[in-house]
Amino acid sequence: MRNIAFEDWVTEENAFDLVISATAFHWLDPSIAYKKTALALTSEGAIALFWNEHVHSDASNGFFEKVQELYQS
């Protein structure tokens with residue numbers, strides 16, 4: 001494990017079978033992130049990107065609107 005900014009990490013080419021990012025990949029500069037990830041993956045490797053997305057529906061009973069008030073205070 002390494003604790004370093006992705007942009008500062010020296011790419012280890014063909015070193016990984018899987019790259020996972022959960023709710024963070026969008027913070028990276030896409031002109032750097034995708035190229036470095038592609039270089040780091042083996043030829044059979046994959047990237048898995050996950051995001052949380054708020055789904056508004058009648059079942060939420062206004063939850064997200066009420067919580068937004070907390071964020072603003």
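Q: Where does Gly45 sit?
A: Gly45 sits in strand β2. Strands are DSSP runs of E with at least two residues, helices are runs of H or I with at least four, and both are numbered from the N terminus.

Q: What kind of model is this?
A: This is a predicted model: local features need pLDDT of at least 70, side-chain atom pairs count only at pLDDT 80 or more, and totals for chains, interfaces and linings use all residues. Residues are numbered from 1 along each chain as its sequence is written, and side-chain values use heavy atoms, with hydrogens and water left out.

Q: Back to Gly45. How accessible is Gly45?
A: Gly45 counts as partly exposed because its relative accessibility is 25%. The scale runs like this: buried is under 20% relative accessible area, exposed is over 50%, and partly exposed is in between, with a 1.4 Å probe and protein chains only.

Q: How far apart are Gly45 and Tyr71?
A: Their C-alpha atoms are separated by 39 Å. Along the chain, Gly45 and Tyr71 are 26 residues apart.

Q: Zooming out, what is the order of the elements?
A: From the N terminus on, the order is β-α-β-α. That gives two helices and two strands in the protein chain.

Q: Is the chain spread out or compact?
A: The chain is more spread out than a compact globule, because its radius of gyration is 18 Å, well over the 11 Å that the globule rule gives for 73 residues. The radius is taken over C-alpha atoms, and the rule is 2.2 Å times the number of residues to the power 0.38.

Q: What does the C-alpha trace span?
A: Along its principal axes, about 50 × 25 × 25 Å.

Q: What percentage of the residues is buried?
A: Buried residues make up 18% of the 73.

Q: Give me one of those. Which element holds Thr37?
A: Thr37 is in helix α1. Thr37 counts as buried because its relative accessibility is 4%.

Q: Which residues does Thr37 touch?
A: Apart from neighbours within four places in sequence, Thr37 is in contact (heavy atoms within 4.5 Å) with Phe6, Val19, Phe25 and Ile47.

Q: And Ala48, buried or exposed?
A: Ala48 is buried, because its relative accessible area is 19%. Ala48 is placed in strand β2.

Q: Which contacts does Ala48 make?
A: Leaving aside neighbours within four places in sequence, Ala48 contacts Leu18, Val19, Ile20 and Ser21.

Q: Which element gives the largest share of the lining?
A: β1, with six residues. β1 (16-22) and α1 (30-40) each supply at least two.

Q: What classes make up the lining?
A: The lining has 15 nonpolar, two polar and one charged residues. Nonpolar covers Ala, Val, Leu, Ile, Met, Phe, Trp, Tyr, Cys and Pro; charged covers Asp, Glu, Lys and Arg; the others, Gly among them, are polar.

Q: Now backbone angles. What is phi at Asn14?
A: Phi at Asn14 is positive, about 55°, although Asn14 is not a glycine. Most residues other than glycine have a negative phi. Asn14 is in the segment before β1 and counts as exposed because its relative accessibility is 51%.

Q: And what is phi at Thr23?
A: Phi at Thr23 is near 55°, again a positive value in a residue other than glycine. Thr23 lies in the loop between β1 and α1.

Q: Last one: where is Ser60?
A: Ser60 is in the loop between β2 (41-50) and α2 (63-72). Ser60 is buried because its relative accessible area is 16%.
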